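This report describes one protein chain, beginning with a single residue and its surroundings and then widening to the whole fold.

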Amino acid sequence: APIDVAALIAALALRSPARVLDYGGGTAVAYLQLLRTAPDLIARWHIIDLADVVGWGTSYFKESSVNNY
C-alpha cells in the first residue's frame, strides 16, 4: 500500500523510526503489514477514521504504538 512505502521511505531518509498519520486507516492493515516486515521503522501510527472504526481500533490496539482518533 502507498502508506507503507511512504512510511518506509521517511524512516530510511530520516534514519529514525517514522511517525505516520493515516487518514481512513481503518483496521490498521497497512500498519500490521509494515510492523511484520520492518518493526523498527515505526515510532507511532496515528489513525483518523469514523467513530465505529475508532472504537474498534482503540479496544484492539490498547498496548501498541497505534493511536485512533
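## Residue S65 and its surroundings

Leaving aside its neighbours within four places in sequence, S65 is in contact with Y31, I42, A43, R44 and W45, where contact means heavy atoms within 4.5 Å. The model is a predicted one, in which local features need pLDDT of at least 70, side-chain atom pairs count only at pLDDT 80 or more, and totals for chains, interfaces and linings use all residues. Residues are numbered from 1 along each chain as its sequence is written, and side-chain values use heavy atoms, with hydrogens and water left out.

S65 is located in the loop between α3 (51-60) and β3 (66-68). Helices (H or I, at least four residues) and strands (E, at least two) are DSSP runs, numbered from the N terminus. S65 counts as buried because its relative accessibility is 15%; buried means under 20% relative accessible area, exposed over 50%, and partly exposed in between, with a 1.4 Å probe and protein chains only. The side chains of S65 and Y31 are joined by a polar contact of 3.1 Å. A polar contact is a pair of N or O atoms within 3.5 Å; within protein, one must be able to donate a hydrogen and the other to accept it, and residues adjacent in sequence count only if both atoms are side-chain atoms.

## Further buried positions

V66 belongs to strand β3 and counts as buried because its relative accessibility is 5%. With neighbours within four places in sequence set aside, the contacts of V66 are Y31, R44, W45, I47 and F61. I47 is part of strand β2 (residues 42-48), and its relative accessibility of 0% is why I47 counts as buried. Beyond its neighbours within four places in sequence, G25 is in contact with I47, I48 and D49.

| Pair | Sequence separation | C-alpha to C-alpha distance |
|---|---|---|
| I47 and Y31 | 16 residues | 9.7 Å |
| G25 and W45 | 20 residues | 9.5 Å |
| V66 and Y31 | 35 residues | 8.3 Å |

## The sheet and its helix

Three strands form an open sheet in the order β1-β2-β3, with parallel pairing. The edge strands are β1 (18-23) and β3, each of which pairs on one side only. Direction ignored, neighbouring strands of this sheet are turned by 15° against each other on average. Helix α2 (residues 29-37) packs on the sheet and touches β2 and β3, and its direction makes about 165° with that of β2. Axes are lines fitted to C-alpha atoms, for helices over the stretch in contact, and angles run from 0 to 180 degrees between N-to-C directions.

Two strands pair if DSSP finds at least two bridges between them. β1 and β2 pair in the parallel sense over six bridges, and L21 stands opposite H46 in β2. Three bridges join β2 to β3, which also run parallel; the bridge partner of W45 in β3 is V66. In β1, the covered face consists of A18, V20 and D22, and the uncovered face of R19, L21 and Y23.

## The chain as a whole

The protein chain contains three helices and three strands, which follow the pattern α-β-α-β-α-β along the sequence. The radius of gyration of the chain is 11 Å, close to the 11 Å that the globule rule gives for 69 residues, so the chain is as compact as a globular protein of that length. That radius is taken over C-alpha atoms, and the globule rule is 2.2 Å times the number of residues to the power 0.38. Along its principal axes, the C-alpha trace spans about 35 × 20 × 15 Å.

Of the 69 residues, 32% count as buried. Among contacts between residues at least 6 apart in sequence, 49% join residues at least 24 apart.

The chain averages a pLDDT of 81, and 97% of the residues score at least 70; pLDDT is the predictor's confidence in each residue, from 0 to 100. Among the elements of the chain, β2 has the highest mean pLDDT (87) and helix α1 (residues 2-14) the lowest (75).
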